[in-house]
Amino acid sequence: VVTPGELVTSEVVWMRGHGMYSVGNKTYSSVVGTISRVNKLLSVSALRGRYVPEVGDHVVGRIVDVGPRNWRVDIGAKQAAVLMLGSVNLPGGVQRRKSDTDELNMRMFLKEGDLLNAEVQAIFTDGAASLHTRSLNYGKLRNGYFIAIPSSLVVRSKAHVYEMPGGVDILFGVNGYIWIRKHTISSAGEQGVPITRLAEEAGWEIYSDENEYVSAGIRETIARYAGSIRALEFCEVAMNETRICKAYEASLAYKSAGELLDNKIKRHIAEQALS
Amino acid sequence: MSSRLEIYSPEGLRVDGRRWNETRHFKCSINTHPVSSDGSSLVEQGNTKVICNVVGPKEPTQRSKLNTERATINVKIIVAPFSTLERRKRSQNDHRLQELCITLQHVFEKAIIAHLQARSQIDILLYVLSQDGGMLQACLNATTLALIDAGIPMYDYISASTAGMFDKEALLDLNRLEESAMPLLTIATVGKSNRIALLQMENKIQFEALEPMMAVALSGCHHIRDLMDQEIRRHGKSRLNQSRDQ
């Protein structure tokens, strides 16, 4: 572990990466973290910090502002991300031209407070992310419950949409924003819709604000998953699909999801998830 | 009357039994508020207790404050009415508090690597729970720890200490009683070096008295820096062990 101001190296042969600064020939660490060496690149990976967006990350975000031809989205990073009007699916087809009415009607698609999932398309030079929702598995979120955890506890994996036992889907954003929702076999299709059919499939429903009916049993299940995730967060356990599954199974031992708020029970669930 | 309490006895003991070069009991902890802020700390120097919460870097709340080259720092200090001997409610527009906020802002603008956080805002909130001398000193130390806990890149620790001069004797780390009896000097250094980040003195002293006071205060700053570094390393190691087991 290195701390800010600690001398890391005074050799010039190393390339300096994140988490360090140099004065003359000497390189000092600027954060609390561990030194990592990849070939000639030396960097300090911080133990704590806000989410840093990278190209290709699947994130969940909340609209905070509607601007001219773009939206600003809070993804829990140092700056709000930008979602351009040209990066969303406009109802009516993929090849549809953007018209002036689209600009004026932006609030009809996404307004302040809406949640959506998107992918990071590019990073601006100042570090802000640019998102896109150009696929039917991205877009406005419905029928679920939002929970936020520190982004350092998220294990990056290939897929971030988990279909969990109990009729519940979990959208596990890399930025630590999580959406737990009722599983829907959506008619607009999720994976496997060929791009040529997007024109017929993308109707106005993708921007609807109406939630479907969610039964009491599913609500209880969603509450249990949320409680299990909070238990893992409390014990600072990094999370992926298998661990959340095990935590949920451990939580079934308790009669109601409300019991999962107790700290002792949280520790017990985290132990079960790690075993 | 003051004759009961000897500020500095002939045997070399102060009112609380310390020698001239001993600091008060220093205790600190970080990540005390994991939910409400990105970085937090609690610093106790003797009976002076300060909590610091850091939120950021985040989008600036006001567009006018957006600085394209560096981060903007906002400091807010709230002094609890129960922090002093007599209960006293301090208004937010208190002249002294505003001055303190601006001082801290200037110090930390230089201490963080600001060009890496362009276009963002860092909010520093300090809560003074108990005052027994050395409020500025404790606020500086608490802010350093909270900024490090938040993972904001910094050049080095900013550690602060106070010193006073009583009858040609330089004393380290004054408490409230001593502060009212002698001139007070607050110094903050950058890490282990002797580079000074802040120097504040509001009384009049002879010029020759300045050097011994500064020497004593600098050694106090380095001592505090080592104690803070110990706690940061301990916390870092325990976090690393927790994530390694998984």
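Q: Where does B:Pro57 sit?
A: In strand S3 of chain B, residues 48–58. Strands are DSSP runs of E with at least two residues, helices are H or I runs of at least four, and both are numbered from the N terminus.

Q: Which form does the peptide bond from B:Gly56 to B:Pro57 take, cis or trans?
A: That bond is cis, with omega near 0°.

Q: What kind of model is this?
A: This is a predicted model, where local features need pLDDT of at least 70, side-chain atom pairs count only at pLDDT 80 or more, and totals for chains, interfaces and linings use all residues. Residues are numbered from 1 along each chain as its sequence is written, chains are lettered from A and ligands numbered from 1 in written order, and side-chain values use heavy atoms, leaving out hydrogens and water.

Q: Is B:Asp173 buried or exposed?
A: B:Asp173 counts as buried, because its relative accessibility is 0%. The cut-offs: buried is under 20% relative accessible area, exposed is over 50%, partly exposed is in between, with a 1.4 Å probe and protein chains only.

Q: And what is phi at A:Glu236?
A: Near 55°, again a positive value in a residue other than glycine. A:Glu236 is in the loop between helix H4 (216–234) and helix H5 (241–251) of chain A. With a relative accessible area of 23%, A:Glu236 is partly exposed.

Q: What area is buried between chain A and chain B?
A: About 2600 Å², with 49% of it from carbon and sulfur atoms. Buried area is the accessible area (1.4 Å probe) that two parts lose on being put together, summed over both.

Q: How many salt bridges cross between chain A and chain B?
A: Six, by the rule used. The rule wants a side-chain nitrogen of Lys or Arg within 4 Å of a carboxyl oxygen of Asp or Glu.

Q: What N to O distance do A:Arg72 and B:Glu59 have?
A: 3.8 Å, in a salt bridge between their side chains.

Q: Last one: how many helices and strands in chain A?
A: Six helices and 16 strands. Of its 275 residues, 49% are buried.
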